[in-house]
Structures are given as structure tokens and as C-alpha cells.
Amino acid sequence: MTPRRASGSLGLDPAKIDRARQLAAGVARPVLEFVRAHSTASSERAVLRLLGVNGVGPDGVPLANLAVDALNLPRSGTAGGASGAGAETGNPMEMGAAWWYANASLATGKAIPDLAAAAGTGDLDLTTIERRPEPEIREFGLGLAREALEGLTGIRTAREERLARLGQSRPPYLYVIVATGNIYEDLDQARAAARQGADIIAVIRSTGQSLLDYIPHGATTEGYGGTYATQENFRLMRQGLDQLSGELGRYIRLVNYSSGLCMPEIAALGALEGLDMMLNDAMYGILFRDINMKRTLIDQHFSRLIIAHAGIIINTGEDNYLTTADAVEAAHTVLASQFINERLALEGGLPEEQIGLGHAFQIDPWIEDGLLFEIAQARMAREIFPGAPLKYMPPTRHMSGNIFFGHVYDAMFNLTSALTGQTIHLVGMLTEAIHTPFLHDRFLSIENARYIKTTAAGLGHEIEFRPNGKIRQRAAEVLDRAVALLEQVDRLGLMGALQQGVFAGIKRPPDGGRGREGVFIRSPGYFNPFFELLDRGGDGR
């Protein structure tokens with residue numbers, strides 16, 4: 001899908017926007033070639049989860065982990081079979097988990113979850129099972145994947161029917177965070193926020209979960225800085241918000257994170273439990289969590305294939321760049337990254353209306369005409385990505401302990417959001433940087449945002465920006481610098497650019513970071529039926 005060309009009041013040069021998109025496509029091309037030649041342990045676990053593998057084994061270790069680990073060991077005598085599986089290295093995983101489990105299911109007549117449980121506990125060696133002909137394995141595996149995808153389609157259809165029946169507020173949708181650490185307390189906080197006017201509830205993950213190479217199981221009641229993302233927690237919150245949506249007569253959306261070392265797995269669980277949005281970025285984990293870039297780039301593509309099919313909106317993380325780099329000087333890095341994230345998202349099957357690109361209101365409030373720059377940058381994003389549900393983040397970097405100033409600061413952000421036509425509006429808190437918000441803090445912040453959203457509803461349609469004024473000049477400058485940066489990234493390659501620290505001023509080596517041991521080269525006979533059915537570069541489209 002080709003994004004619609006911007007038309008708006010900033011007078012941006014369409015040729016430069018087209019040039020930026022061409023460069024982003026050039027940046028994405030070698031990334032996708034690399035992705036399609038590799039896989040990761042977390043992508044293989046996502047395949048098994050979509051095929052029904054759930055629960056935990058001994059010592060509470062998730063069965064998905066055990067079932068993949070059972071294949072991820074070099075063995076002798078595994079070079080046989082229809083395609084010479086693992087002939088070069090003797091590592092069965094290079095054929096893909098789906099190949100081995102589909103073969104075992106065909107040969108034994110047992111369901112894949114049962115086979116995964118047996119293999120994960122060491123009671124079954126999948127590599128010793130008689131190999132069925134390659135075409136049979138693939139046909140069987142594709143059939144299972146189609147059935148699983150039909151299930152996700154049913155969940156998506158049910159969501160769309162609820163949306164049509166209940167309706168929703170008009171944008172900008174007020175996005176509110178809950179982060180108690182206890183899913184049941186989160187439910188209480190979410191209900192309160194929705195009754196106060198929130199349209200979207202985001203359950204913040206427990207600090208450090210992105211660095212766990214497994215997904216905790218079941219409902220959780222302890223977490224630091226947030227609540228663990230688990231399938232049961234997703235189910236409980238979705239169920240609670242559905243009940244509340246019926247009571248309020250408007251649909252309340254649910255958000256969680258598809259990021260970190262378990263990015264594709266969490267995408268699968270979010271799709272299975274009917275989440276509406278997921279934070280999902282091509283580079284955030286690399287830059288801000290030091291996750292190996294090769295693993296992240298592979299996992300982001302597979303996670304987006306799943307998310308696209310499920311009808312989930314992604315939120316990207318460009319706003320975070322401005323927490324480590326100056327928001328005036330580094331604004332062009334946000335825009336350049338948005339172009340790259342957009343291209344990679346389109347390649348992952350996401351239509352424009354599911355690509356929630358992120359940006360933020362982070363300029364030092366004491367800079368003269370800083371508000372004009374904020375308006376320029378927010379309006380620029382709106383005009384360049386006209387069909388994207390942009391996610392606009394509130395000020396955090398320059399917040400202080402002065403709650404009265406903080407409330408005014410957030411009001412300026414709220415006004416900019418209404419004026420520039422943002423879609424997803426994360427509500428700023430007057431107690432930001434002081435403590436986790438109390439219920440009344442959240443009430444005041446939602447009231448502030450609702451008031452400005454209402455009173456300034458049509459303001460953006462009434463204003464024209466001076467042709468030679470500061471707002472237009474600022475937007476043109478940011479676009480020019482973004483194009484120049486994309487030219488640099490295209491020359492270096494995305495991995496080279498990340499190594500040199502062109503985004504957020506953070507340098508990451510291609511073979512460094514967490515999780516690099518989970519990356520492997522696909523063998524010639526590698527099989528991931530979901531990838532084959534969903535990937536634009538495969539045979540499924």
C-alpha cells in the first residue's frame with residue numbers, strides 16, 4: 001500500500017517527501033533480505049504459540065521455551081529427511097520448529113501442543129521420528145496455520161463489530177496509562193480512568209520485562225513500575241474493558257507492548273486476546289534496551305505480520321529519541337525514523353491506518369517560540385502521514401516538581417494536539433516525575449485534555465500558517481534535514497547507522513546486545529507456515 005500524499009497548510013515540498021520515502025525503501029531493502037534469511041528463538045516460539053502451545057512445564061518454565069529449546073541443540077545424525085535438515089551444522093532448529101512438529105504430528109497423529117509438552121520435558125526426541133515427505137509436511141503445516149489465522153480473523157471481526165455497535169469518541173483519543181504491578185488493581189484503575197473520559201487504556205509492563213527471554217504465565221500481582229505482560233493478564237483486562245464498554249456505551253481500547261526479547265510471542269498473545277494496539281518499533285529495543293539489532297529486526301518483521309493480520313494498530317517509539325537528544329536539534333531524526341518505521345511496517349503487511357507513528361512534545365519550555373516549533377513538528381507529522389493514527393506523547397523531559405507549572409505545560413501540549421489533528425493522545429500528568437499518579441491526578445489531567453479537545457475542536461481548520469512564517473520555515477528545515485539523514489542511513493545501511501549512533505545519540509554494535517545467541521540462519525528447507533502465508537516477499541501474496 002502506498003501512503004497518501006500529504007496535502008496541508010505547511011507548504012511542504014511533495015518531491016522531498018517522495019524522496020524521503022524512496023530512501024526509506026532503500027534502507028529497508030537489505031534489512032528485509034537479511035530478515036528473510038534468518039529466524040530467532042522468539043519467532044519460533046511465536047509459531048508454536050499460534051499453533052496452540054501454552055502453559056508451563058517443570059519449574060514454571062513456559063512450554064513454548066521448552067519446546068523450542070528441545071530443538072536448539074546440535075545433534076549427530078540429524079542430516080537425514082526429505083530436505084537434508086540441519087546437514088551443515090546438525091542443528092535441527094535451522095529447519096524451523098514448525099517443520100519438526102508438523103512432521104511429528106503427521107507421523108504420530110498427536111496434536112502439536114501434546115508433542116511440545118513431551119519434547120519440552122525430554123520425553124520425546126522429535127529428530128528420531130520418521131520423516132514424512134516434504135510436501136506432506138508443508139501442506140499439513142500450512143493447513144494448521146490457516147486454521148489459526150482464521151481464528152485471529154474471527155477475533156478481529158468480533159472487535160470490529162463491537163466498535164460498530166458501541167461507537168467511540170472522536171479523536172484525539174485520550175490514552176491513559178495504568179501501572180500498579182497488580183493486574184486486578186490495574187483493572188480498578190482502568191475502570192476509573194475510562195469513566196473519567198479515557199478512550200484507551202495502556203497497561204505498562206513491569207520494568208525489565210523486555211529483557212526476559214520468556215513470557216511469565218498466568219495472572220500476576222507483583223511488578224515494579226508496571227504489570228507483567230502475560231496472556232492471562234491480557235484476557236482479564238480485555239474482558240474487564242469489554243464489560244465497561246457496554247456500560248459506558250463507547251468502545252474502550254486496550255494497549256500493551258510487543259517489544260523486547262519476546263516481541264513476536266507477545267504479538268501472538270495480543271492477537272489471541274483481542275488487543276487493539278501494541279507498542280511495536282523496529283529500533284526501540286536496539287537503542288534503549290540494548291537488544292541485539294539483528295534479533296530485533298527479524299522479530300519486528302514477524303511480529304508485524306501477525307499484528308497486521310489481527311487488525312492491531314502499532315505505536316512506534318520515536319518519541320523516546322527526544323528523551324536523550326535535544327528536541328530542537330534532533331527533530332529530524334524523529335522524522336527520518338518515522339519514514340523507516342513506516343516502510344518496514346508496510347513491508348510487514350500493515351496498512352497505513354494501522355501504523356501509529358510516535359512523536360512528542362519535548363522542547364524546552366523556556367525556549368522563545370518553542371510552542372511554534374512544537375506546532376510545526378506536530379503538524380508536519382500530520383501532513384506527511386495523513387492516514388496514520390499518529391501517537392503524540394506529552395512533555396516529560398522538562399517536567400519538574402511544580403505541579404501547577406506541569407498542569408499548564410500539559411495544557412499547551414493538549415492545545416497543540418487539538419490544533420494539529422493528532423489521533424492518539426497520551427494524557428500528560430501534572431505529577432509526572434514525582435510519583436505514580438493518584439486517581440485524582442489522573443482525573444485532573446483527563447479533565448484538562450477533554451476541555452481543550454472540546455473547546456479547540458475546530459481550531460486547526462480555521463488557521464492558516466504564514467508562507468514565510470516561523471512555523472512553515474521550521475517544518476521545511478526539519479524535512480530537509482531528515483532527507484539528508486536518510487541519505488546517510490541509505491549509504492551506511494541501517495545496521496551501520498545504528499552502529500554510528502545516528503538515532504538518539506546511542507551507538508550499538510551489530511553483534512552486541514542481548515539475545516544475539518537466539519539468531520540463526522535458516523536452512524534451505526526452513527519452514528514457517530505463518531511467514532509463508534503472510535509475508536509480502538513470500539509465496540502467500
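Student: Where is alanine 504 found?

Tutor: Alanine 504 is found in the loop between helix H19 (494–500) and strand S11 (519–521), where helices are DSSP runs of H or I with at least four residues and strands are runs of E with at least two, numbered from the N terminus. This is a predicted model, in which local features need pLDDT of at least 70 and side-chain atom pairs count only at pLDDT 80 or more, while totals for chains, interfaces and linings use all residues. Residues are numbered from 1 along each chain as its sequence is written, and side-chain values use heavy atoms, with hydrogens and water left out.

Student: And what is phi of alanine 504?

Tutor: Phi of alanine 504 is near 60°, a positive value in a residue other than glycine.

Student: Is alanine 504 buried or exposed?

Tutor: Alanine 504 has 7% relative accessibility, so it counts as buried; buried means under 20% relative accessible area, exposed over 50% and partly exposed in between, with a 1.4 Å probe and protein chains only.

Student: Which phi does aspartate 369 have?

Tutor: Aspartate 369 has a positive phi of about 65° although it is not a glycine. That residue belongs to the loop between S8 and H14, and it is partly exposed, with a relative accessible area of 26%.

Student: Which peptide bond joins proline 171 and proline 172?

Tutor: The bond between proline 171 and proline 172 is cis, with omega about 0°, and proline 172 lies in the loop between helix H6 (134–166) and S2.

Student: Changing topic, in what order do the 9 strands form the sheet?

Tutor: The sheet is open, with parallel pairing, and its order is S7-S6-S5-S4-S3-S2-S10-S9-S8; two strands pair if DSSP finds at least two bridges between them. Its edge strands are strand S7 (355–356) and S8, each of which pairs on one side only.

Student: How many bridges do S8 and strand S9 pair over?

Tutor: S8 and S9 (residues 391–393) pair in the parallel sense over 3 bridges, and histidine 359 stands opposite tyrosine 392 in S9.

Student: Which ring does arginine 253 lie over?

Tutor: Arginine 253 lies over the face of tyrosine 173, at 5.0 Å from the ring centre; a charge sits over a ring if NZ of Lys or CZ of Arg is within 6 Å of the ring centre and within 35 degrees of the ring normal. Arginine 474 is placed over the face of phenylalanine 373, at 5.3 Å from the ring centre.

Student: How many aromatic pairs does the structure hold?

Tutor: There are 11; rings of Phe, Tyr and Trp (its six-membered ring) pair if their centres lie within 6.5 Å, and planes under 30 degrees apart count as stacked, over 60 as edge-to-face and the rest as tilted. Tryptophan 99 and tryptophan 100 form an edge-to-face pair, 4.9 Å centre to centre with 75° between the planes, and both are buried.

Student: Why is the pair of tryptophan 366 and phenylalanine 405 stacked?

Tutor: The pair counts as stacked because the ring centres are 5.6 Å apart and the planes are at 15°. Tryptophan 366 lies in the loop between strand S8 (358–360) and helix H14 (370–384), and phenylalanine 405 in helix H15 (residues 403–420), so the pair ties together parts that are 39 residues apart in sequence. Tryptophan 366 counts as exposed at 69% relative accessibility, whereas phenylalanine 405 is partly exposed, with a relative accessible area of 21%.

Student: Which residues do ring pairs link into a cluster?

Tutor: The cluster is made of Phe361, Trp366, Tyr392, Phe405, Tyr409 and Phe413.
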